[in-house]
Amino acid sequence: MLNLEQVSGGYGGEPVIQDISFSISQGEFFGILGPNGSGKTTLLKMISGLIPNSSGSIQLNHTNIRYFSRKALAKKMAVLPQLTAHAFSYTVRETVALGRYAHRQGFFQTWTSEDERVLHTVMEQTNITAFQHQTIQELSGGEQQRVFLAQALAQEPDLLLLDEPTNHLDLAYQKDLLDLLKKETKQDGLTVVSIFHDLNLASLYCDRLLLLDDGRERAIHSPDGVLTESLIKDVYKTNVRKYPHPVVAKPQMHLLPDATETHDRSTLIGPSMLNIQPEHIALTSPIPLRTLSSGVCGAGIGWNTQFVNRHVPNDYDCSDPTGEMQDYLEKNGFDVSRTVGMMTAVELKNAAYSLWENDQISIYTVVTAGTGNAKDSTQPVAQPIRQGTINIWVFINGHLTDEAFIQAIMTATEAKAQGLRELDIRDRQTGTIATGTSTDSILVAATQQGELVPYAGTATELGQFIGQSVYAETKKAIKRDPAYKGQ
Ligand SMILES: Nc1ncnc2c1ncn2[C@@H]1O[C@H](COP(=O)(O)OP(=O)(O)OP(=O)(O)O)[C@@H](O)[C@H]1O
């Protein structure tokens, strides 16, 4: 519906925009990105016909925009400009009603019931009905932004052009506005072209992105294609790290600040930080550790400073173990937002732990183990779950890649299974060698300081430390558990 072919132009003299070509189809949400001064607003002004392009062509539904009258263009296209100081004393309602200008007909331009219906709808959509009789200057920046969006929507355009629409909006209204626009594109075929400074919002909402660099196209692609670490670093001259959004299949870019919290680089996680009580084992780190873990709370990927393995009775049965564990942590002075919590029914005095170190690597492994619940993971579970859990903590004084974290979990799990095999721990139901218990948890936590360690598989020194320490400590902990003798 919108076609740009080799468009150049600006404000006289050297063109700001140079040789831009792209086509947008109806219902597309198209984002324009680029650093300050890269020409985003200038390009938008050319598309809206506010300034002429010096070469190339801009076509709307196969007609060059030059051939549209102002009123005819306003029926097809609406513009939400960057918010500037508005001195007028129009009311909100009057301001939004101006958006119906292109649809008014006849000499007297009477206000019709259709105009009223549209006015009502767009004021509801943008949540401004409540202050429709106030003047614009009485409103906050975000409220004004919504009024001008309502005015643009009142035009009932096919194409909506927006210059940083979320500027001035709080978090909830940013989401509401973009959700509304997305819905309009999907349900009513509205085409949206919008400038974004926030790469992550652009990624979440846009179908495609154009990245401008000094007035020229650097990339035009899906968010995944445009938001690459190297391209963004090159164009914006700043370091970013790309990560997947946790819920939506879209990339998110994280800034890497130069000055982060300063930590003592010599911090080593080790025995002095472990505290074993009858009720819980806790390890408190002086620095946040990057963790990958399973557990009752704080599990997943995160940054944590406290690690708690809590003893619960054999018959512990709770409909909300996470909530109950969080209450327990709070009552005992732990910061729930920075704690990984696990549970076990075994006696904590039987925990096994050791520090493994050489010149380059040091890891601290802590294991609690009961095997009354031992399972062969290749066999189905039919028996009622009995007491017995193996909880493994591996603290690594090193800087791990994501891949190394995953390999560390694999290596530790393999070593645990080997420990069970060595001790001939069997699945009570099938009689086969057990590979773990049905309620095991694992934690790998790293200081993320020092040289980057790319891998932690069994071929690496780190992997061998993990394997050997988990194997040794698992066996030690199992042997200390009274249930072991009964096997
Ligand atoms: N009215 C104008 N007259 C002359 N030059 C202008 C005018 N408006 C913008 N420019 C110049 O055009 C270039 C691109 O400006 P533009 O506003 O399009 O960039 P932008 O990418 O939208 O920037 P920002 O992210 O800061 O909003 C800049 O060098 C700017 O100085």
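Start by selecting residues 40-47, helix H1: seven of its eight residues are buried, so the helix is largely enclosed by the rest of the structure. Buried means that 20 or more other C-beta atoms, placed from the backbone, lie within 10 Å of the residue's own. Helices (H or I, at least four residues) and strands (E, at least two) are DSSP runs, numbered from the N terminus. The model is predicted: local features need pLDDT of at least 70, side-chain atom pairs count only at pLDDT 80 or more, and totals for chains, interfaces and linings use all residues. Residues are numbered from 1 along each chain as its sequence is written.

Colour the buried residues of H1, which are Lys40, Thr42, Leu43, Leu44, Lys45, Met46 and Ile47. Just after H1, find glycine 49, where phi is positive, about 85°.

Next, show the ligand. Around it are Tyr11, Val16, Gly34, Asn36, Gly37, Ser38, Gly39, Lys40, Thr41 and Thr42, each with its C-beta atom, placed from the backbone, within 6 Å. This shell has two nonpolar, seven polar and one charged residues. Here Ala, Val, Leu, Ile, Met, Phe, Trp, Tyr, Cys and Pro count as nonpolar, Asp, Glu, Lys and Arg as charged, and the others, Gly among them, as polar.

Now select the open sheet of four strands, ordered E2-E1-E4-E5 with antiparallel pairing; two strands pair if DSSP finds at least two bridges between them. Strand E2 (17-24) and strand E5 (63-64) are at the edges with a single partner strand each, so one side of each has no neighbour in the sheet. Two bridges join strand E4 (residues 55-60) to E5, and leucine 60 has threonine 63 in E5 as its bridge partner.

Move to the open sheet of six strands, in the order E6-E7-E8-E3-E9-E10, where the pairing is mixed. Its edge strands are E6 (77-80) and E10 (216-221), each pairing on one side only. E6 and strand E7 (residues 159-163) run parallel and are joined by four bridges. Look for alanine 78, opposite leucine 160 in E7.

Which residues have the most contacts inside the largest nonpolar core? They are Leu33, Val96, Ala150 and Leu161, in a core of 63 residues. Such a core is a set of buried Ala, Val, Leu, Ile, Met, Phe, Trp, Tyr and Cys residues joined through C-beta atoms within 7 Å. Helix H5 (residues 141-154) gives the most to this core, with seven residues. Finish with the second, separate core of 58 residues, which includes Leu289, Leu329, Ile390 and Val470.

Key:
Buried ≥ 20, exposed ≤ 12 C-beta atoms within 10 Å, placed from the backbone.
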